[in-house]
Amino acid sequence: MITYKVHFIRHGMTQGNLEGKYIGSTDLPVCPEGYRQLDDLKAHYEYPKVEAVYSSPMLRCRQTADFLYPNAMLTVVEDLREWNFGDFEGKTMEELKDDPDYLDWIASSMKSTPPGGESSKEFAARLQLAIGAIFLAVLRVNPLSAYYYLLIRPFRTFSSIGEMS
């Protein structure tokens with residue numbers, strides 16, 4: 001039996017993360033604190049050895065991949081990008097606390113669609129197709145060998161995958 005191991009690693013922290021903002025489609029870089037945290041983790045934790053890294057196109061994800069895996073083959077997968085929060089982008093919960101659309105979105109467990117954004121179903125379906133395409137590409141490259149692969153994308157919303165079926 002052939003075994004493929006896939007690791008999911010969250011990108012380094014951004015200034016938007018530090019400020020508690022929704023930054024799904026906002027393309028922020030890893031901030032200095034984020035690099036310090038990545039460096040600290042790298043010093044205390046052995047990241048898995050991989051032959052290829054698949055990343056969201058978001059700058060923070062590509063920077064994290066380059067920082068952790070400078071010698072690995074990096075493939076950017078457009079559909080691994082973060083959830084588009086639409087009108088909520090760049091805002092904090094505090095800024096949105098009186099917005100009726102935001103309150104509806106939260107009350108629906110984020111199943112409704114943010115104005116100008118994408119629904120959780122659209123997001124999950126996009127991720128499912130992207131991950132499926134990655135696995136097909138891996139099998140085409142070398143179907144008889146076990147590889148270690150890494151997907152770097154904003155990890156916070158990856159829990160939505162459970163809603164894909």
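Accessible areas here come from the Shrake-Rupley method with a 1.4 Å probe; for residues, only the protein chains shown count as cover. By that method, the protein exposes about 9,100 Å², and carbon and sulfur atoms supply 57% of it. This is a predicted model: local features need pLDDT of at least 70, side-chain atom pairs count only at pLDDT 80 or more, and totals for chains, interfaces and linings use all residues. Residues are numbered from 1 along each chain as its sequence is written, and side-chain values use heavy atoms, with hydrogens and water left out.

**Fold**
- The protein has six helices and four strands, taken as DSSP runs numbered from the N terminus (helices: H or I, at least four residues; strands: E, at least two).
- Along the sequence, the pattern is β-α-α-β-α-β-α-α-α-β.

**Packing**
- Of the 165 residues, 40% count as buried (under 20% relative accessible area, 1.4 Å probe, protein chains only).
- Contacts are heavy atoms within 4.5 Å. Of those with a separation of 6 or more, 72% link residues 24 or more positions apart.

**Confidence**
- The pLDDT, the predictor's confidence in each residue from 0 to 100, averages 86, and 85% of the residues score at least 70.
- Confidence is highest in helix H4 (residues 93-96), at a mean of 98, and lowest in strand S4 (residues 148-152), at 58.
- Residues 155-165 have pLDDT below 50; this stretch has 23 contacts in the model beyond near neighbours in sequence.

**Ser56**
- Ser56 lies in the loop between strand S2 (52-55) and helix H3 (59-68).
- Ser56 counts as buried because its relative accessibility is 0%.
- Its side chain reaches the backbone nitrogen of Met58 at 3.1 Å.

Note on methods. Buried < 20%, exposed > 50% of the residue type's maximum accessible area, 1.4 Å probe, protein only. Polar contact = N/O pair within 3.5 Å; in protein donor to acceptor, adjacent residues only side chain to side chain.
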